[in-house]
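Please view the sequence and the structure together before reading on.

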Amino acid sequence: PKKKRPSRKGVANKEVTPGGPAPTKRCPHCASTELRSVRVLYDSDKAGYAAAGVAPDGKPYNHLVRRLYRCQWCGRHTSFAEYGMKRKK
């Protein structure tokens, strides 16, 4: 049997707090979750743009993409923001 390595001195076990599943995007008109991405809004470059702040879930972000979605159920369009972290070059 393989021996387990002891952990380094002073390293405590980390508490893992699950962030939970990502909130699903819903149509604000009919509450359907069947949405299809139509295009990226404000597309000076197709990958979004640099913006810093704190997302609604409390996590910091430095990259923002706004996408236009079409509801497959009622056919209406709505936009959602997607927040993310990009490494600095």
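## Basis of the model

The model is predicted, and local features need pLDDT of at least 70, side-chain atom pairs count only at pLDDT 80 or more, while totals for chains, interfaces and linings use all residues. Residues are numbered from 1 along each chain as its sequence is written, and side-chain values use heavy atoms, with hydrogens and water left out.

## Overall composition

The protein has 4 strands and 0 helices, and its pattern along the sequence is β-β-β-β. Both kinds of element are DSSP runs numbered from the N terminus: helices are H or I with at least four residues, strands are E with at least two.

Of the 89 residues, 17% count as buried. Buried means under 20% relative accessible area, exposed means over 50%, and partly exposed lies in between, with a 1.4 Å probe and protein chains only. The accessible surface comes to about 8,100 Å², and carbon and sulfur atoms hold 52% of that surface. These areas come from the Shrake-Rupley method with a 1.4 Å probe; for residues, only the protein chains shown count as cover. Among contacts with a separation of 6 or more, 44% are between residues 24 or more positions apart, where contact means heavy atoms within 4.5 Å.

Strand β3 covers residues 60-71, and strand β4 covers residues 77-84. The two strands run antiparallel and are joined by 8 bridges; strands pair if DSSP finds at least two bridges between them. The hairpin formed by β3 and β4 has 5 residues between the strands, and G75 in the turn has a positive phi of about 85°.

In a regular strand the side chains alternate between the two faces of the sheet.

L64 lies in β3. Its relative accessibility is 9%, so L64 counts as buried. The C-alpha atoms of L64 and G53 are 9.7 Å apart, at a sequence separation of 11 residues.

## Charged pairs

The structure holds 2 salt bridges. A salt bridge here is a side-chain nitrogen of Lys or Arg within 4 Å of a carboxyl oxygen of Asp or Glu. E82 forms one with K25, with the closest N and O atoms 3.8 Å apart. Because E82 is in β4 and K25 is in the segment before β1 (35-40), this pair ties together parts that are 57 residues apart in sequence. K25 is partly exposed at 30% relative accessibility, and E82 is partly exposed at 23%.

E82 also forms a salt bridge with R67, and the closest N and O atoms are 2.9 Å apart. R67 lies in β3 and E82 in β4, so this pair links parts that are 15 residues apart in sequence. R67 is partly exposed, with a relative accessible area of 24%. Through shared partners, K25, R67 and E82 are joined into one network.

## Aromatic pairs

A search of the whole structure finds 2 aromatic pairs. Rings of Phe, Tyr and Trp (its six-membered ring) pair if their centres lie within 6.5 Å; planes under 30 degrees apart count as stacked, over 60 as edge-to-face and the rest as tilted. Y61 and Y83 form a tilted pair, 4.7 Å centre to centre with 50° between the planes. Y61 is in β3 and Y83 in β4, so the pair ties together parts that are 22 residues apart in sequence. Y61 is buried at 13% relative accessibility, whereas Y83 is partly exposed at 39%.

Y69 and F80 form an edge-to-face pair, 5.7 Å centre to centre with 65° between the planes. Y69 belongs to β3 and F80 to β4, so parts 11 residues apart in sequence are tied together. Y69 is buried, at 9% relative accessibility.

## Cysteines

A search of the whole structure finds 0 disulfides, a disulfide being a pair of cysteine sulfur atoms within 2.5 Å. C30 is in no disulfide, and its nearest cysteine sulfur, in C71, is 3.6 Å away. The sulfur of C74 is closest to that of C71, at 3.7 Å, which is too far for a bond. C30 is partly exposed at 29% relative accessible area, and C74 is partly exposed at 34%.
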